[in-house]
Amino acid sequence: MRTVTLQRGPLLCWDIYAMYLIKQGEHFTKQLELELLNSYREKFNWTIDIEALIETAHYEALVLTDYKQDICWVNKGFTKMTGYSAKYTKGKKPNFLQGANTCKETLHSIRTHLKQGKVVNETVVNYRKNGETYDCAIQIVPLRNAQLEVTHLLALEHRV
């Protein structure tokens, strides 16, 4: 009787396929986020090209607030980054992520820019649900309607 020994090596084809599936999932998720934001754009008559904004930005998390900064929607990336569910965040202000190590001068700068209707680019110390801190780069874009009134704010966030 003859014994056959199989060589065990890396399953590169499965690894490549898994990476392909992950990329497809990420693309699908971004498409869903874009569709949702475009439905908001149509509802509130925003003048901004959401697709161009999303395609050119580096982000993990998206947070949409009304002008009073009450959260309307967060994406799954926000939940993954912070540990907070979308249901928990709805209606809250994003400042629930801040704490003792969050720089007050940075928060003042953010408020000042938002009052002036300007785009904000800052890095803040935020807190996850489990209490851990993380540095978060935030770009906040005022979303204007046809009358050029800011109706909502879109924050694009990633860990640094």
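Student: Before we start, what should I know about the model and its numbering?
Tutor: The model is predicted, so local features need pLDDT of at least 70 and side-chain atom pairs count only at pLDDT 80 or more, while totals for chains, interfaces and linings use all residues. Residues are numbered from 1 along each chain as its sequence is written, and side-chain values use heavy atoms, with hydrogens and water left out.

Student: OK, how many residues are in the largest nonpolar core?
Tutor: That core has 19 residues, and V63, F78, I110, L114, C136, I138 and I140 have the most contacts inside it. A nonpolar core here is a set of buried Ala, Val, Leu, Ile, Met, Phe, Trp, Tyr and Cys residues joined through side-chain atoms within 4.5 Å. Buried means under 20% relative accessible area, exposed is over 50%, and partly exposed is in between, with a 1.4 Å probe and protein chains only.

Student: Which residues does F78 touch?
Tutor: Leaving out residues up to four places away in sequence, F78 touches E60, A61, L62, V63, G83, Y84, T89, F96, L97 and E157. Contact means heavy atoms within 4.5 Å.

Student: And what lies apart from that core?
Tutor: Another core, of 17 residues, with L34, Y40, I54 and L156 among them.

Student: Switching to pockets: what's the volume of the largest one?
Tutor: About 530 Å³. On a 1 Å grid over the protein atoms alone, a pocket is an open set of points where a 1.4 Å probe fits, with protein on both sides within 12 Å along at least five of seven lines; lining residues have an atom within 4 Å of a point. Points are joined across faces, edges and corners, and the volume is the space filled by probe spheres set on them.

Student: What about the second largest pocket, which residues sit closest to its centre?
Tutor: E26, T29, E33, E60 and G77, out of 12 lining residues. This second pocket has a volume of about 350 Å³.

Student: Last topic: how many disulfides?
Tutor: The count is zero, where a disulfide is a pair of cysteine sulfur atoms within 2.5 Å.
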